[in-house]
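Here is a brief report on one protein chain. Please keep the sequence and the coordinates at hand while reading.

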Amino acid sequence: FASMWNAECPDTTCAGPNATQRFYSFYLENITTFDPVEAGWKRDSYYVPAYSYPYGVDPDWYEKSNKLDYYNSLKMKLSIILGVIQMLTGTIAKMTNSFFYRKPVDFFFEALPEFFFMGCLFGYLVVMIFFKWFINWQGRFVFGYINETAATATTTPTYYFTMDDCKADHPTGCFAQQQQPPSLLLTLINMFMKIGNVSPMDALYEQQATVQVVLLIVAVVCVPLLMIPKPMILLAKSKKTHKSLEEETPAGGDDEEEPFSFGEVMVHQLIHTIEYVLGAISNTASYLRLWALSLAHSELAEVFFGRVWMQTVTWSLNGDQTGVVTWKGIIFLFLGTAVFAGATFAVLMLMESLSAVLHALRLHWVEFQNKFYYGDGKKFLPFSYERVLSGEDEN
């Protein structure tokens with residue numbers, strides 16, 4: 001095997017004459033799939049790992065019929081991780097800009113609420129992804145109890161995290177059941193729909209319900225903090241500045257300050273809050289394009305290699321059913337190789353590269369830079385002798 005795994009074929013199956021052929025037949029019939037939950041652990045005495053990878057992907061996944069199920073799950077999680085990290089970096093950039101331009105109101109009532117809102121929801125999702133990866137689900141159990149007086153085939157057990165908790169309520173009748181990996185998407189949805197209620201069968205750790213309630217409260221509090229204080233503070237500053245100008249400006253003076261429109265500022269901040277809260281969901285989902293691009297690229301590469309190149313080689317060598325290479329096979333191999341090389345260059349190297357660049361630019365411009373970039377600075381003017389001599393550019 002091209003990995004750290006080895007197959008143990010029962011002696012009754014692989015012993016005797018034609019042992020090699022028997023082994024490969026056994027392999028194709030019994031060991032054509034992997035179970036990500038049980039990867040790294042002995043299963044049915046058929047497939048035993050010599051030792052498992054500390055990180056990365058076992059290359060033998062490529063030969064398995066259920067590889068897409070595993071790859072898609074892994075790539076979607078990696079896309080979310082990269083996206084959340086980049087968006088949190090954007091909010092940190094907003095904090096540094098607030099320090100640089102000395103805008104404490106923007107720091108405390110925009111950057112900080114945005115950071116905690118994103119971190120408490122989607123940052124928590126990233127933490128759960130890593131938490132789920134590091135759990136040995138093969139050895140993870142929960143403990144349940146079914147009331148004997150009402151036990152039926154459809155009765156739902158009451159689950160506990162530990163056997164001691166189960167026996168504290170039910171001295172007899174407790175049983176252990178292996179826990180299956182929970183869906184993180186459903187966990188995030190139930191964080192809003194079933195507040196404070198996490199079944200041990202669906203939990204990653206014991207105090208998960210309490211932690212999620214606290215994170216949800218912090219995220220909800222961040223919404224009014226993002227929407228209300230900044231317009232109120234700007235209104236108070238405007239009144240104070242206006243009063244100072246009235247005291248300093250003599251009667252009949254021509255100095256006039258542009259009037260402060262509280263309604264305009266409030267509407268602008270309301271729109272910004274709604275856009276950020278909804279955008280936190282849509283922007284996170286937008287990073288799944290990384291998974292989609294990776295899936296499309298890998299499938300195209302596999303189709304070109306397996307359906308074009310390998311079919312060409314097979315037909316060229318065995319086209320006449322004798323296994324003898326003929327001049328027709330050589331010509332067909334040359335043409336098939338040219339088609340494979342052209343398709344690979346045109347689609348995988350040109351079109352796919354262009355697609356990756358465009359999507360990366362979009363993620364940087366929309367999902368990342370909208371966290372801190374406003375585009376309201378000074379217009380760039382290159383140095384010009386003509387403008388300097390005419391006096392237009394005094395600096």
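## The main core

This is a predicted model. Its largest nonpolar core has 33 residues. Those with the most contacts inside the core are Phe117, Met118, Phe122, Leu125, Met191 and Leu204. Six helices each supply at least two residues of this core: α3 (67-100), α4 (104-133), α6, α7 (208-227), α9 (262-286) and α11 (327-368). Helix α4 gives the most, with 10 residues.

A second core stands separate and has 5 residues. Phe143, Tyr145, Tyr160 and Cys166 are among them.

## Overall make-up

The protein has 395 residues, and 30% of these are buried. Its secondary structure comes to 12 helices and 5 strands. Consider contacts between residues at least 6 apart in sequence: 72% of them join residues at least 24 apart. The accessible surface of the protein is about 25600 Å². Carbon and sulfur atoms account for 64% of that surface.

Met191 is one of the residues with the most contacts inside the largest core. Which residues does Met191 touch, leaving aside its neighbours within four places in sequence? They are Cys120, Leu121, Tyr124, Gln212, Leu215 and Leu216.

Met193 belongs to helix α6, which covers residues 184-193. Is Met193 buried or exposed? Met193 counts as exposed because its relative accessibility is 64%, and the cut-off for exposed is over 50%. Met193 also takes part in a nonpolar surface patch, together with Leu185, Leu186, Ile189 and Phe192. The five residues of the patch have about 540 Å² of accessible area together.

## Helix α3 and its end

Helix α3 has 34 residues. From its first C-alpha to its last, α3 reaches 49 Å. That is close to the 50 Å expected at 1.5 Å a residue. Arg102 follows α3 and has a positive phi, near 55°.

Ser98 lies within α3. Ser98 counts as buried because its relative accessibility is 6%, and the cut-off for buried is under 20%. Leaving aside neighbours within four places in sequence, Ser98 is in contact with Lys103, Asp106 and Phe107. Asp106 also pairs with a lysine, as described next.

Side chains of opposite charge can pair when their charged atoms come close. The structure holds 6 salt bridges. Which residues are linked in a network of salt bridges? Lys94, Asp106, Glu110, Glu114 and Lys230 are.

Take the pair of Glu114 and Lys94. Their side chains meet in a salt bridge at 3.1 Å, N to O. The pair links distant parts of the chain: Glu114 is in helix α4, Lys94 is in helix α3, and they are 20 residues apart. Glu114 counts as buried because its relative accessibility is 1%. Lys94 is also buried, with a relative accessible area of 4%.

Lys230 makes two of the pairs described here. Its side chain meets that of Asp106 in a salt bridge at 2.9 Å, N to O. This pair links distant parts of the chain, with Lys230 in helix α8 (residues 229-248) and Asp106 in helix α4, 124 residues apart. Both Lys230 and Asp106 are buried. The side chains of Lys230 and Glu110 also meet in a salt bridge, again at 2.9 Å, N to O. Here too the pair links distant parts of the chain: Lys230 in α8 and Glu110 in α4 are 120 residues apart. Glu110 is buried, as is Lys230.

## The end of helix α10

Leu317 is in helix α10, which covers residues 289-318. With a relative accessible area of 38%, Leu317 is partly exposed. How far apart in space are Leu317 and Gly329? The two are 6.4 Å apart, C-alpha to C-alpha, and 12 residues apart in sequence.

How values were computed
Residues are numbered from 1 along each chain as its sequence is written. This is a predicted model: local features need pLDDT of at least 70, side-chain atom pairs count only at pLDDT 80 or more; totals for chains, interfaces and linings use all residues. Side-chain values use heavy atoms; hydrogens and water are left out. Patches are made of residues with over 30% relative accessible area and no salt bridge: like charges are joined within 9 Å, nonpolar side chains (Val, Leu, Ile, Met, Phe, Trp, Tyr) within 5 Å. Accessible areas come from the Shrake-Rupley method with a 1.4 Å probe; for residues, only the protein chains shown count as cover. A salt bridge is a side-chain nitrogen of Lys or Arg within 4 Å of a carboxyl oxygen of Asp or Glu. Helices (H or I, at least four residues) and strands (E, at least two) are DSSP runs, numbered from the N terminus. Buried means under 20% relative accessible area, exposed over 50%, partly exposed in between (1.4 Å probe, protein chains only). A nonpolar core is a set of buried Ala, Val, Leu, Ile, Met, Phe, Trp, Tyr and Cys residues joined through side-chain atoms within 4.5 Å. Contact means heavy atoms within 4.5 Å. The expected span of a helix is 1.5 Å times one less than its number of residues.
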